[in-house]
Amino acid sequence: MRSRIVAIFGILVWLTLLLSASQERSDTDWRLSINRNPVPLLTPIITVGDQLYLPIRDVLGPLKGTLTESRKYNAFVLSLPKFNLSITLKPNRKDITVNTIRHYLPAAVLLHGSRLYVPIPEFFNYLGFSVSTQNRHLLISPKRYTATTQSNGQAAKLLSVRSPLPRMEEGRLLHIAYDQKRHNISGQFFYKNDILFANLTPFFRDLGYSFEPTDTGFLLSKTHHTIQFFLNQNNAISQFIDHQTTIYLSAPPIKKNGSIYLPVASALNAFFYALEWTPQTRTIQVLSIINDIDFLTSSDRDVLQINSTHPLTIPSLTPYPWSPGYTMVIPNTKLLLSEAPPAKLKHGTISKYSAKQISPTETQIKILGHQPYDTPYIAVNSLGLEINLVNRLSSLKESTPGQFKLQTNGQISPSLTHDKKHKKVIVDVPFTISNLPKTLSSPYTGITKIRTSQYQTTPPKTRIVFDLKSTAYNATLTPHSSGPTITFDYAAPSSKPKPTATKQTRRSPKNESIKKSHYSHGSVLKGKVIVIDAGHGGKDPGAIGAKRYQEKFFTLDIAKRLQRKLAKQGAVVIMTRRTDKYRSLQSRVAKANRAKADIFISIHINSFLKSSVNGTETYYYKYKDRKLATHLQNQLLKDLKSKNLRTKRARLYVLRHTKMPAALLEPLFLTHPQERRKVITPSYRDKIAQSIYQGITNYFKN
Ligand SMILES: [Zn+2]
């Protein structure tokens with residue numbers, strides 16, 4: 001984790017000094033494109049320190065804007081009518097006003113050679129435009145709203161959502177609402193320097209946030225997200241999962257008559273909410289942001305995952321009238337996708353999905369199929385909503401007596417329970433609709449009757465019950481790409497009937513492990529391609545416990561120890577970094593995907609704003625990551641005897657973009673005094689590596 005607290009005024013002074021000494025560099029080799037159209041730069045981009053600056057005049061043409069100077073106020077007004085934007089900028093100042101909302105840039109606006117320069121990419125981010133740089137090529141694409149995954153990509157950071165709040169007369173009726181939670185804040189708000197302040201504590205509490213005073217301010221937190229606010233300071237520290245960043249509020253929090261007043265727009269933006277104003281009810285609507293949609297397919301289920309910054313309510317699906325598929329409208333949301341949905345999907349049922357903001361507070365999702373398909377089942381999960389594809393069970397065929405194959409049109413995950421007492425075997429298949437006959441008979445002597453039913457409708461679940469002749473029969477479930485097989489065999493100790501196919505498939509790995517037992521458990525790792533990702537590196541130190549104790553060194557050391565242990569057992573180990581070098585998350589993921597690795601393990605050391613927090617946690621995102629995460633978490637708990645912070649699901653970059661099962665480990669906290677003492681000890685790091693090694697072995701064994 002990173003914690004960079006920037007002394008704003010220090011930098012301001014330093015910048016001014018730099019400028020007066022004329023140490024800025026003109027970079028003539030930069031190119032600029034707006035909406036993919038090349039734009040000639042009449043004045044070059046300049047660099048001051050680490051900060052890039054763009055001459056604002058050069059983008060006026062392509063954005064159809066005007067820049068006017070007000071000498072009286074020593075300010076410039078940039079007007080972009082096409083985007084409904086009016087921005088006030090002042091030379092040598094970091095604050096800009098975007099449609100009456102004040103934002104803080106990381107560096108001051110410059111007047112240089114009579115041209116106005118703005119820091120990039122931040123300036124355009126505050127306008128809600130998306131900005132990327134590739135090989136000294138700056139690409140700007142105006143969008144109405146934008147959210148971006150933050151610098152290290154491990155969590156979503158909302159850079160800016162333009163606030164549409166108008167100026168409200170003090171003393172008038174005013175509400176703030178999130179979904180059904182509605183608060184009257186009349187008499188609880190005021191303006192200072194044109195910024196709306198309100199006592200939001202009761203509202204945040206109602207949304208499930210905890211409020212904790214500190215010596216210098218207070219902490220507001222909910223699940224993975226904590227913000228440390230400081231009274232009379234406009235910088236705050238935002239901790240999202242394992243990542244810490246300094247954020248800037250439009251104005252410092254103010255304490256007045258025993259209550260804390262926060263700048264409404266920027267405090268809610270900091271918690272990844274968007275805002276909308278409803279004049280009819282005089283309500284500030286607080287919205288959840290839909291930031292990503294992923295189609296996740298695994299061996300047992302296909303899910304369209306709608307990721308949002310806050311919990312969503314289940315919408316109803318409506319058949320799409322023009323082609324096979326469904327639409328749904330998710331209320332109380334702002335759509336700010338960081339990536340456009342793919343144009344086409346390679347999937348048997350779904351051909352395409354899309355999302356669209358259809359009203360200021362509603363998002364429409366459309367899921368199209370190649371041909372008509374069953375109504376998907378929607379459920380709430382910790383990341384937003386999951387839209388589960390529902391499959392049809394078409395037949396239960398008995399290929400050989402006692403061996404049944406379940407046929408379906410997609411991925412299913414049946415479970416088998418053997419009720420020996422009642423001589424019954426129950427097979428449940430979630431997310432399926434049964435097309436099976438209600439009763440079936442079998443030539444196999446061990447089975448008296450087979451019954452099937454649509455056991456449940458929300459979510460749909462099929463149940464198949466096999467009534468057995470006696471308790472002496474065994475039943476096994478074998479997954480297979482063409483559909484799972486249920487096999488029965490007679491298990492009396494004395495007389496064994498002819499072996500079945502399933503028995504053979506079960507027996508072979510067992511024999512193998514007996515044969516190779518003298519290799520210890522190394523044999524399961526032989527030839528496995530394992531990517532070890534040592535978190536952070538180079539300019540990105542990760543968490544800093546104390547001066548010398550940087551996360552990046554510990555993650556690399558553990559990674560190297562783990563590499564040696566795995567290689568010894570014949571695994572093919574790929575390291576995303578071997579030295580203290582910076583590697584982008586994109587390059588780490590690309591390396592793993594190119595190698596078609598079997599698993600991806602990202603090693604981190606945790607930290608938190610409070611030094612009392614300790615324990616072990618493991619993150620996963622895709623359905624196929626879960627098993628790996630569970631094995632690693634269990635083994636770490638067993639070996640380190642640490643507090644169980646559990647496996648958690650999060651949309652972290654390396655988990656989301658790797659194609660193979662992946663897990664991100666946080667074995668302990670660099671910010672916790674006892675755990676820090678452990679992690680700085682080489683022998684303890686070896687213990688962690690040994691534990692991860694054992695966890696990987698267990699994963700491949702099972
Ligand atoms: Zn980290």
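**Before selecting anything**

The model is predicted: local features need pLDDT of at least 70 and side-chain atom pairs count only at pLDDT 80 or more, while totals for chains, interfaces and linings use all residues. Residue numbers start from 1 along each chain as its sequence is written.

**The whole chain**

Display the protein chain as a cartoon; its secondary structure comprises 12 helices and 55 strands. Helices (H or I, at least four residues) and strands (E, at least two) are DSSP runs, numbered from the N terminus. Of the 702 residues in the chain, 40% are buried. A residue counts as buried if 20 or more other C-beta atoms lie within 10 Å of its own, as exposed if 12 or fewer do, and as partly exposed in between, with C-beta atoms placed from the backbone. Two residues are in contact if their C-beta atoms, placed in that way, lie within 7 Å. Among contacts between residues at least 6 apart in sequence, 59% join residues at least 24 apart.

**Strand β29**

Select residues 283-297, which form strand β29. Of its 15 residues, 11 are buried. Strands pair if DSSP finds at least two bridges between them.

- β28 (residues 273-278) pairs with β29 in the antiparallel sense over six bridges, and A274 has L287 as its bridge partner. The two strands form a hairpin with four residues between them, and R282 in the turn has a positive phi of about 50 degrees.
- β30 (residues 302-308) runs antiparallel to β29, with seven bridges; F295 stands opposite L304. Four residues link β29 to β30 in a hairpin.
- β17 (residues 175-178) is parallel to β29 and is joined to it by three bridges; I176 is the bridge partner of I284.

**The largest nonpolar core**

Next select A198, L262, V264, L268, Y273, L275 and V286, which touch the most other members of the 52-residue largest nonpolar core. Such a core is a set of buried Ala, Val, Leu, Ile, Met, Phe, Trp, Tyr and Cys residues joined through C-beta atoms within 7 Å. Strand β29 supplies the largest share of this core, six residues. Domain 2 (175-281) and domain 3 (285-389) both contribute residues, so the core lies between them; the domain bounds come from an automatic or database domain assignment. Centre on L262: leaving aside neighbours within four places in sequence, L262 is in contact with F197, A198, L200, P253 and A267.

A second, separate core of 51 residues includes A543, L628, A662 and I696.

**Helix α12**

Select residues 682-701, helix α12, whose 20 residues should span 28 Å at 1.5 Å a residue; the end C-alpha atoms are 29 Å apart, which agrees. The expected span is 1.5 Å times one less than the number of residues. Buried residues of α12 include R685, I688, Y693 and I696. Among the elements covering the buried residues of α12 are β48 (529-534), α7 (551-568) and α9 (626-640).

**An open sheet**

Finally, show the open five-strand sheet with the order β40-β41-β45-β44-β43 and antiparallel pairing. β40 (415-419) and β43 (439-440) stand at the edges with a single partner strand each, so one side of each has no neighbour in the sheet. Within the sheet, β44 (residues 447-457) and β45 (residues 460-468) pair over nine bridges, and T457 stands opposite P460.
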